[in-house]
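This briefing is intended for a reader who is meeting a protein model in detail for the first time. Please keep the sequence and the structure in view while reading.

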Amino acid sequence: MIDTVIITTREFFIKELGRFGISKDELVLSRDGFRKYFNNSSKRIDGYQPKLTLIKRGPTYSLKIEFSVANILLGNNVEEQNNVSWDTIAEKLSNVMAKMGVKITKEAIGNCDIQALHASKNIDLKGGYTAIAVLKELAKTNLTQKLDMD
């Protein structure tokens with residue numbers, strides 16, 4: 001299962017630039033060649049919100065969106081969903097971003113450039129093993145940096 005996804009797009013509309021800490025005039029009149037503006041509020045409205053970064057590079061703007069698939073779908077990052085379509089994820093993400101003041105269509109999310117995919121690290125332990133027991137066994141191995149792990 002995929003846990004975290006980082007995507008970028010140029011197909012978006014920001015309804016509330018103030019959430020990125022800048023006004024429209026400041027953004028347009030800024031002479032900075034490269035600048036980033038963040039909308040990563042610690043005050044969550046209606047649950048989970050993705051991390052948004054508005055990137056100004058010369059005359060062009062792009063939006064970087066970093067989100068947890070499990071959080072978008074289920075509201076937590078412990079449970080995992082298998083066999084979920086991208087359309088379902090895109091629709092939920094579009095709805096959450098609308099609440100954050102950013103309008104982006106499901107189709108635009110589908111056309112985003114994928115920057116990174118992080119796999120979930122949840123491992124199902126069977127046979128009476130506990131996470132601490134596995135970690136203790138792994139700690140006993142004496143691996144050096146010179147050792148090739150292929």
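The structure is a predicted model. Its open sheet has five strands in the order β3-β4-β5-β1-β7, paired in the antiparallel sense. A search of the whole structure also finds three salt bridges.

**The sheet and its edges**

- Strands of a sheet are held in pairs by backbone hydrogen bonds, and the pairing is either parallel or antiparallel.
- The five strands here follow the order β3-β4-β5-β1-β7, and their pairing is antiparallel.
- Strands β3 (34-39) and β7 (113-119) stand at the edges with a single partner strand each, so one side of each has no neighbour in the sheet.
- On average, neighbouring strands of this sheet are turned by 15° against each other, with direction ignored.
- Helix α3 (residues 86-99) packs on the sheet and touches β1, β4 and β5. The direction of helix α3 makes about 110° with that of β5.

**Strand pairs within the sheet**

- Strand β4 (residues 51-57) pairs with strand β5 (residues 60-68) over seven bridges, in the antiparallel sense.
- Two residues of these strands that are bridge partners are isoleucine 55 and, in β5, serine 62.
- Leucine 52 likewise has a bridge partner in β5, namely isoleucine 65.
- β4 and β5 form a hairpin with two residues between them. In the turn, glycine 58 has a positive phi of about 65°.
- β5 also pairs with β1, in the antiparallel sense and over six bridges.
- Threonine 9 stands opposite leucine 63, which lies in β5.

**A buried residue in a loop**

- Methionine 100 is located in the loop between α3 and β6 (102-103).
- Is methionine 100 buried or exposed? Its relative accessibility is 2%, and because residues under 20% count as buried, methionine 100 is buried.
- Apart from neighbours within four places in sequence, methionine 100 is in contact with Arg19, Asn39, Gln49, Pro50 and Leu52.
- Methionine 100 and asparagine 83 are 17 residues apart along the chain, and their C-alpha atoms are separated by 27 Å.

**Salt bridges**

- Arginine 19, one of the residues in contact with methionine 100, meets glutamate 16 in a salt bridge between side chains (2.9 Å, N to O).
- Arginine 19 is partly exposed at 29% relative accessibility, and glutamate 16 is partly exposed at 37%.
- The side chains of aspartate 32 and arginine 35 form another salt bridge (3.4 Å, N to O).
- Aspartate 32 has a relative accessible area of 34% and is partly exposed; arginine 35, at 38%, is partly exposed as well.
- Glutamate 137 forms a salt bridge with lysine 140, and their closest N and O atoms are 3.0 Å apart.
- Glutamate 137 and lysine 140 both belong to helix α5 (residues 131-140), where they lie three residues apart, about one turn of the helix.
- Glutamate 137 is partly exposed, with a relative accessible area of 48%, whereas lysine 140 is exposed, with 61%.

**A nonpolar patch on the surface**

- Which residues form a nonpolar patch on the surface? They are Ile2, Ile114 and Leu117, and together they have about 280 Å² of accessible area.
- Isoleucine 2 is in strand β1 (residues 2-9).
- The relative accessible area of isoleucine 2 is 39%, so this residue counts as partly exposed.

Methods. Residues are numbered from 1 along each chain as its sequence is written. This is a predicted model: local features need pLDDT of at least 70, side-chain atom pairs count only at pLDDT 80 or more; totals for chains, interfaces and linings use all residues. Side-chain values use heavy atoms; hydrogens and water are left out. Patches are made of residues with over 30% relative accessible area and no salt bridge: like charges are joined within 9 Å, nonpolar side chains (Val, Leu, Ile, Met, Phe, Trp, Tyr) within 5 Å. Accessible areas come from the Shrake-Rupley method with a 1.4 Å probe; for residues, only the protein chains shown count as cover. A salt bridge is a side-chain nitrogen of Lys or Arg within 4 Å of a carboxyl oxygen of Asp or Glu. Helices (H or I, at least four residues) and strands (E, at least two) are DSSP runs, numbered from the N terminus. Buried means under 20% relative accessible area, exposed over 50%, partly exposed in between (1.4 Å probe, protein chains only). Two strands pair if DSSP finds at least two bridges between them. Axes are lines fitted to C-alpha atoms, for helices over the stretch in contact, and angles run from 0 to 180 degrees between N-to-C directions. Contact means heavy atoms within 4.5 Å.
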